[in-house]
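My notebook is open and the model is loaded. I will jot down what I look up as I go.

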Amino acid sequence: MTDKNISPKLPQKFLSDLETAIGIKAIITNHDDIAPYMVEQRGRFVGETSLVVTPQTTQEVSDVVKLCAEHSIGIVPQGGHTGLVSGGIPFAGDNAIVLNTSRLNKIRAIDPVNNTMIVEAGCILQTIQEHADNHDRLFPLSLGAEGSCQIGGNIATNAGGINVIRYGNTRQLVLGLEVVTPTGEIWNGLRALQKDNTGYDLKQLYIGSEGTLGIITAAVLQLFPKPKEQQTAILALTDLDAALPLLNQAQEMLGDALTSFELLPRIGVDFSLKHGQGVVDPIEGRYDWYILMEASVSLTDSNLKALFQNYLETAFEKNWVQDGVLAQSKAQSDSFWLLRENITLCQKAEGGSIKHDISVPVSSVPAFIKAANEAVRKMIPGIRPHPFGHLGDGNIHYNLSQPLDMDKQDYLDRWEEVNRVVHDIVHNFNGSISAEHGIGRVKRDENQHYKSPVEMQLMKNIKKSLDPKGIMNPGKLIRPN
Ligand SMILES: Cc1cc2nc3c(=O)[nH]c(=O)nc-3n(C[C@H](O)[C@H](O)[C@H](O)COP(=O)(O)OP(=O)(O)OC[C@H]3O[C@@H](n4cnc5c(N)ncnc54)[C@H](O)[C@@H]3O)c2cc1C
């Protein structure tokens, strides 16, 4: 196997052993073929490597890792490549290859009686949802990138999404894991058990570890009864402060039927309407803030609609909402969600956007938004905040579009400076600078700035103990010594 693009850093013996282990079809060395694997989602960074491998079995992953360990070559695991913190690409100087899991994509088994499913890391999230649905079950993890992100990436980042208030993060949805360790051993922890108190919960260590401790090759997922009835509404708030009593009232009147409670600012709705395809404004008139909320039950003859209507009446009586629409069909509910998802996608069309994926205690969300808006407006007059997202679990995507009259690059050059101001405010609210996207490379140093030295040292100890050669996703999450 020879190719002019092969980096001289990769020894010939390594390459020939690799070809023997996984076959030429699983090896990509041509610069043009590698390029799509190197462009991270936001286009802020472009990765550098001379080799991408696409193994098809856990054994092949193990063979690759063993060879990399032998030659001290770094490995960057990559799934659907939808991550937003540059965790899935190698940077110059990392001396790392990419191991993409797209071909490791079998659904190994589903057990509807046990409410579990065993899937390989490269399965697309939407495929998993559909497979569960075909067996009258729900896999509730749901996020904007579900058509292309993979379950291995979801697990590695402990993905959140729109149903966290009812079903939890990915952490709550995984019962067992199969992992290839940094020495290439295969740990089969695919236990489909609700109870297992036999020592340290290693799977939880791997969940959210962003590829720095090993490669997740398969998982046992927790399934749920499929909802039989669903109600979706979009509500125009009287003001931002009305959001919290509205949420509390929903929890009181709808109980755990409440699955989503999303905050949308008018400016985000405008972006979505202006740039999104097929997006419609569900409410006449303009309001500063909206809530998109959903509730569902798995009982056949439930009174969810009546409960929801009572709840909406209360919301109007208490003057928390000025207008609202309860979806009358699945198509209408889908159109509300289209409006919501396009907020994420349409910011690009509005020029530079400086982003934050933060969480604060739910009770502090309005106060955080007000404090942050004031601070960033003072810094950059004309800046356009559009905080949106998962208010129900305290996770706000605090994104800031550039002033209309400012040069894009001049604005983006202030990324770190703006981050620091916003993250200081988050820190003052005892919040987190990464609620669901992870740390990757982009937030690595910022994370170190806010985490206590004790916590950082414990993380470093774990990394050193499991990956003494430091070959797993080098430079991500934790700064190398
Ligand atoms: C439009 C849009 C909306 C989004 N909405 C949400 C949202 O609501 N909630 C949310 O949490 N995220 C969201 N994201 C971010 C992203 O989709 C998630 O982080 C997702 O979980 C990443 O999965 P992936 O397969 O694309 O992983 P990648 O981007 O390929 O990788 C992400 C990280 O996981 C590591 N990794 C990947 N696979 C493995 C593996 N098998 N073993 C070990 N490590 C691995 C990588 O090294 C990298 O560090 C969104 C992204 C987009 C583009």
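How exposed is F429? I find F429 partly exposed, with a relative accessible area of 22%. I use buried for under 20% relative accessible area, exposed for over 50%, and partly exposed for anything in between, with a 1.4 Å probe and protein chains only.

**Ground rules**

I am working on a predicted model, where local features need pLDDT of at least 70 and side-chain atom pairs count only at pLDDT 80 or more, while totals for chains, interfaces and linings use all residues. I number residues from 1 along each chain as its sequence is written, and side-chain values use heavy atoms, with hydrogens and water left out.

**Entry: the ring cluster**

Ring pairs link F368, Y398 and F429 into a cluster. I count a pair when the ring centres of Phe, Tyr or Trp (its six-membered ring) lie within 6.5 Å; planes under 30 degrees apart are stacked, over 60 edge-to-face, and the rest tilted. By this rule I get 7 aromatic pairs.

One of them is F368 with Y398, edge-to-face at 5.4 Å centre to centre and 70° between the planes. F368 sits in helix α12 (residues 365–379) and Y398 in strand β19 (residues 395–401), so this pair ties together parts that are 30 residues apart in sequence. Here helices (H or I, at least four residues) and strands (E, at least two) are DSSP runs, numbered from the N terminus. Both F368 and Y398 are buried.

I then turned to F368 and F429: their ring centres are 6.3 Å apart and their planes at 85°, so I log this pair as edge-to-face too. F429 is in the loop between α14 (415–428) and α15 (444–450) while F368 is in helix α12, so the pair ties together parts that are 61 residues apart in sequence. F368 has 0% relative accessibility and therefore counts as buried.

**Entry: the ligand shell**

Next I asked which residues come nearest to the ligand. Of the 36 residues around the ligand, they are P77, G79, G80, T82 and G83.

A backbone N or O atom of G80 lies 2.7 Å from a ligand oxygen atom. For G160, a polar backbone atom is 2.9 Å from an oxygen atom of the ligand. E436 uses its side chain: a polar atom there lies 3.0 Å from a nitrogen atom of the ligand.

The protein covers 95% of the 990 Å² of accessible area that the ligand has on its own. I note that areas come from the Shrake-Rupley method with a 1.4 Å probe, and that for residues only the protein chains shown count as cover. Elements giving two or more residues to the shell are β3 (74–78), α5 (151–156) and β10 (215–222). α5 gives the most, with 4 residues.

I sorted the shell residues into 11 nonpolar, 23 polar and 2 charged. My classes are Ala, Val, Leu, Ile, Met, Phe, Trp, Tyr, Cys and Pro as nonpolar, Asp, Glu, Lys and Arg as charged, and the others, Gly among them, as polar.

Helix α3 (residues 58–71) has 14 residues and reaches 20 Å from first C-alpha to last, close to the 20 Å expected at 1.5 Å a residue. The expected span is 1.5 Å times one less than the number of residues. Its buried residues include T58, V61, V64 and L67.

Most residues other than glycine have a negative phi. S72 lies in the loop between α3 and β3 and is partly exposed, with a relative accessible area of 43%.

L477 also has a positive phi, about 65°, although it is not a glycine. I place L477 in the segment after α16 (453–466), and at 10% relative accessibility L477 counts as buried.

**Entry: two distances**

E40 is in the loop between α2 (31–38) and β2 (52–53) and is buried, at 4% relative accessibility. Its C-alpha is separated by 6.8 Å from that of H81, 41 residues apart along the chain. Q402 and L10 are 392 residues apart in sequence and 43 Å apart in space, C-alpha to C-alpha.

Terms used:
A residue is near a molecule or strand if one of its heavy atoms lies within 4 Å of it. A polar contact is a pair of N or O atoms within 3.5 Å; within protein, one must be able to donate a hydrogen and the other to accept it, and residues adjacent in sequence count only if both atoms are side-chain atoms.
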